[in-house]
Amino acid sequence: MALTIEEQRERQRVKQKEAFARAQSRKIAKLNDPKEREKRFAKQQAASKRQQERQRIKLSSPEYRAQQLAKAKAQAAKAIEKAKTAPPKKRTLRKTTSKGLKGRTPTASERRAMDLIGKLPCIACEKHGRENPMISLHHVYGRTTENAHAYVLPLCCYHHDTLLPKEEREKYPDMLPVHAKGKYGGKRQFSQHNGTERELLVAVYEKVGLPLERLESLP
Ligand SMILES: [Zn+2]
Ligand SMILES: [Zn+2]
């Protein structure tokens with residue numbers, strides 16, 4: 001029985017559809033086939049290896065190196081030019097050049113303590129019934145350790161760092177500088193007449209109302 005033209009065309013279409021479906025399923029099967037996967041993976045590996053090799057050759061080529069060097073030189077020249085034209089950086093000048101004597105800058109809390117203590121008269125003279133308002137602050141524990149600037153004594157120059165003239169010394173035997181002058185003064189002689197610096201510090205803290213706990217850990 002012969003087919004009509006219409007029937008032949010329909011059969012053709014069905015065949016094409018089936019062929020396409022078969023091709024699709026073969027493709028999917030290939031994609032999921034472990035052996036095929038391995039092949040693809042090997043291909044990718046080889047490609048990335050070739051890429052790395054090309055990069056390596058590029059990086060080690062004299063042309064590339066020369067190019068990079070020129071780039072770096074240009075950048076450096078630019079930086080130098082910029083530094084030349086830029087306004088000079090402001091320098092902060094230190095007021096004091098002898099760091100050894102001045103130590104570090106007082107903190108706000110140390111500054112408050114110094115301001116309070118600086119208003120007192122000489123604490124050693126006071127022990128002997130004299131009032132001497134001309135004082136300087138003596139640092140009991142140096143100028144660098146923690147809170148050092150808060151551990152200061154108000155001392156007149158003769159109790160601090162100046163030796164009283166001989167005839168006066170006989171009148172005021174307690175007036176020995178805490179900073180020794182030759183055989184006179186020094187911590188030991190000073191404290192024999194005036195009490196230890198620590199004791200004086202306690203008296204000072206009591207006078208100005210600074211917390212005594214701050215002195216507890218001191219030697
Ligand atoms: Zn004094
Ligand atoms: Zn001193």
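Student: Is H138 buried or exposed?

Tutor: Start with the scale. Buried means under 20% relative accessible area, exposed means over 50%, and partly exposed lies in between (1.4 Å probe, protein chains only). H138 has 2% relative accessibility, so H138 counts as buried. One caution before we go on. This is a predicted model, where local features need pLDDT of at least 70, side-chain atom pairs count only at pLDDT 80 or more, and totals for chains, interfaces and linings use all residues. Residues are numbered from 1 along each chain as its sequence is written, chains are lettered from A and ligands numbered from 1 in the order in which they are written, and side-chain values use heavy atoms, with hydrogens and water left out.

Student: Which residues coordinate the zinc ion (ligand 2)?

Tutor: Look for donors, which are N, O and S atoms within 2.8 Å of the metal (3.2 Å for Na, K and Ca); water is not among the atoms, so sites may look incomplete. Here the zinc ion (ligand 2) is held by H138 through ND1, H160 through NE2 and H179 through NE2, at 2.0 to 2.1 Å. Along the chain, these donors follow the spacing H-x21-H-x18-H.

Student: Where do H138 and H179 lie in the chain?

Tutor: Name the elements. Helices (H or I, at least four residues) and strands (E, at least two) are DSSP runs, numbered from the N terminus. H138 sits in strand β1 (residues 136-139), and H179 sits in the loop between α8 (166-171) and α9 (187-194). They are 41 residues apart, so the pair links distant parts of the chain. H179 is partly exposed, because its relative accessible area is 36%.

Student: What else lies in the loop between α8 and α9?

Tutor: G182 is in that loop. With a relative accessible area of 73%, G182 is exposed. Its C-alpha atom is separated by 9.2 Å from that of L163, 19 residues apart along the chain.

Student: Which residues is C125 in contact with, leaving aside its neighbours within four places in sequence?

Tutor: Contact means heavy atoms within 4.5 Å. C125 is in contact with R130, N132, C156, H159 and M175, neighbours within four places being left aside. C125 lies in helix α6, and at 1% relative accessibility C125 is buried.

Student: At what angle do helix α2 and helix α3 pack?

Tutor: Axes are lines fitted to C-alpha atoms, for helices over the stretch in contact, and angles run from 0 to 180 degrees between N-to-C directions. Angles under 35 degrees count as roughly parallel, over 145 as roughly antiparallel, 65 to 115 as roughly perpendicular and the rest as oblique. Helix α2 (residues 34-60) packs on helix α3 (residues 62-85) at about 60 degrees, with their axes 5 Å apart. That makes α2 oblique to α3. K58, L59 and S60 of α2 meet P62, Y64 and R65 of α3.

Student: How do the axes of helix α1 and α2 cross?

Tutor: The axes of helix α1 (residues 5-32) and α2 cross at roughly 70 degrees and come within 5 Å. The two helices are therefore roughly perpendicular to each other. K30, L31 and N32 of α1 touch P34, E36, R37 and R40 of α2.

Student: Where is L210, and what does L210 touch?

Tutor: L210 is in the segment after α10 (197-208). Not counting residues up to four places away in sequence, L210 touches A113, L116, I117 and Y205. At 11% relative accessibility, L210 is buried. L210 and R112 are 98 residues apart in sequence, and 9.9 Å apart from C-alpha to C-alpha.
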